[in-house]
Amino acid sequence: MAAHRKPRQRSIGGNTVRTAATIALAGAATATALEGTGHAEPQLSPAQVKAKVDKLYQQAEVATEKYDGAKEEAAEARTRLNSLRDEAARRTDRLNTAREALGSAAAAQYRGGGIDPSVQLLLSSDPGRYLDDAAFAERADNRQAAAVSRVRGQLREIERLRGAAQVELASLKSRQTELRRQKQTITDRLGEARRLLSRLTDGQRAQLTADGDTGRASRSALRGPAPMSAAAAAAQAPNTRAAAALSYAYGKLGSPYVWGATGPNAFDCSGLVQAAYRSAGVSLPRTTYAQIGAGHRISRSELLPGDLVFFYSGVSHVGIYVGNGQMIHAPNPSAPVRLAPIDQMPFAGATRVV
């Protein structure tokens, strides 16, 4: 007989222990990885935060200038579109009036044209008068033919206007898409800058704000010549309009930076320049890359108070020169309209507007 054996007991020290150990190790590794992920971002020094924030502000300013340009182009496209639509409506009204006149003439011709002209002459009680009437009718037909020709021309012109309006509508939609894209870029960059600044202490943030938009403005100002007063700058301006623009700019010192703003209480960099010269009766383009083409270019050594000074390779920042190597500009959201040295940013060129 076969021997009866007891079922073999599974040892808790076998596969179960190995599995439990594996799970425990995996959990520990996961916890370590999660802990590492939570602290993956290195702690930046205030100087490193400042450098990153400055770069983000500069990128936001590039996007702001593109936004301002797209906004201006959208406004121009909307004006052209409305003008085309108005003209098409006026021509349509005239066309409808001409069509009604033609319809009345055609109805009258149908009612009176059922008999051959030679038969009408034969039956007429007054052939001489009939011939006179026939000549008049022929002239009337000629006028009607000319009217038909004019109506056809009006139809073609209306179609042309409608086609042009469609082109402008497409342009407007394209500009609006560009506006949304640049606005999102600006929002993203400024949001990232705020996030970085929030990691600093109140004292560190206050120091960065005091140092201005590059961290060199206040220190350079202490080492360099004192900024000129409004009266002294105006006295050295090349003409009265430049002096008036300078006076406006000095009056806006301390105003907040707001992207897309052109005053009277807040500005971006090109908005401040445009508003200053507008106050002097001079119309300037909206964006930095258009403003640098206004007036005539001058070298850095030729600078006089009232000249426009531009910065960065993409000409994305502008200020108004006031003399002694200083300018008034709207830096970025961390600093208001202020006096600053022109050597704090990469110099790109200068323009004398008037």
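A nonpolar core here is a set of buried Ala, Val, Leu, Ile, Met, Phe, Trp, Tyr and Cys residues joined through side-chain atoms within 4.5 Å, where buried means under 20% relative accessible area, exposed over 50% and partly exposed in between (1.4 Å probe, protein chains only). By that definition, the largest core has 33 residues, and Tyr277, Leu284, Leu308, Ile320 and Ile328 touch the most other members. This is a predicted model: local features need pLDDT of at least 70, side-chain atom pairs count only at pLDDT 80 or more, and totals for chains, interfaces and linings use all residues. Residues are numbered from 1 along each chain as its sequence is written, and side-chain values use heavy atoms, with hydrogens and water left out.

**Cores and helix H9**

- Leucine 284 is in contact (heavy atoms within 4.5 Å) with Val273, Gln274, Tyr277, Ala294, Leu308 and Val353, if you skip residues up to four places away in sequence.
- H9 is largely enclosed by the rest of the structure, because 9 of its 11 residues are buried.
- The buried residues of H9 include Cys269, Gly271, Val273 and Tyr277.
- Just after H9, glycine 281 takes a positive phi of about 85°.

**Salt bridges**

- A search of the whole structure turns up 12 salt bridges, each a side-chain nitrogen of Lys or Arg within 4 Å of a carboxyl oxygen of Asp or Glu.
- Arginine 286 and aspartate 68 make one of them, at 3.0 Å from N to O.
- Arginine 286 sits in the loop between H9 and helix H10 (288–291) and aspartate 68 in helix H2 (residues 46–112), so this pair ties together parts that are 218 residues apart in sequence.
- Arginine 286 counts as buried at 7% relative accessibility, and aspartate 68 does too, at 2%.
- Asp268 joins the picture as well: Asp68, Asp268 and Arg286 are linked in a network of salt bridges.
- Within helix H2, glutamate 87 and arginine 91 are 4 residues apart, about one turn of the helix, and their closest N and O atoms are 2.8 Å apart.
- Glutamate 157 bridges to arginine 160 with closest N and O atoms 2.6 Å apart; arginine 160 is partly exposed at 48% relative accessible area.

**Aromatic rings**

- There are 3 aromatic pairs in the structure; rings of Phe, Tyr and Trp (its six-membered ring) pair if their centres lie within 6.5 Å, with planes under 30 degrees apart counted as stacked, over 60 as edge-to-face and the rest as tilted.
- Tyrosine 67 and tryptophan 259 are edge-to-face, 4.9 Å centre to centre with 85° between the planes.
- That pair links distant parts of the chain, with tyrosine 67 in helix H2 and tryptophan 259 in the loop between H8 and H9, 192 residues apart.
- Tyrosine 67 is buried at 14% relative accessible area, whereas tryptophan 259 is partly exposed at 23%.
- Tyrosine 248 and phenylalanine 267 have ring centres 6.4 Å apart and planes at 85°, so they also count as edge-to-face; both residues are buried.
- Arginine 300 lies over the face of phenylalanine 347, 5.0 Å from the ring centre; the cut-offs are NZ of Lys or CZ of Arg within 6 Å of the ring centre and within 35 degrees of the ring normal.

Notes
Helices (H or I, at least four residues) and strands (E, at least two) are DSSP runs, numbered from the N terminus.
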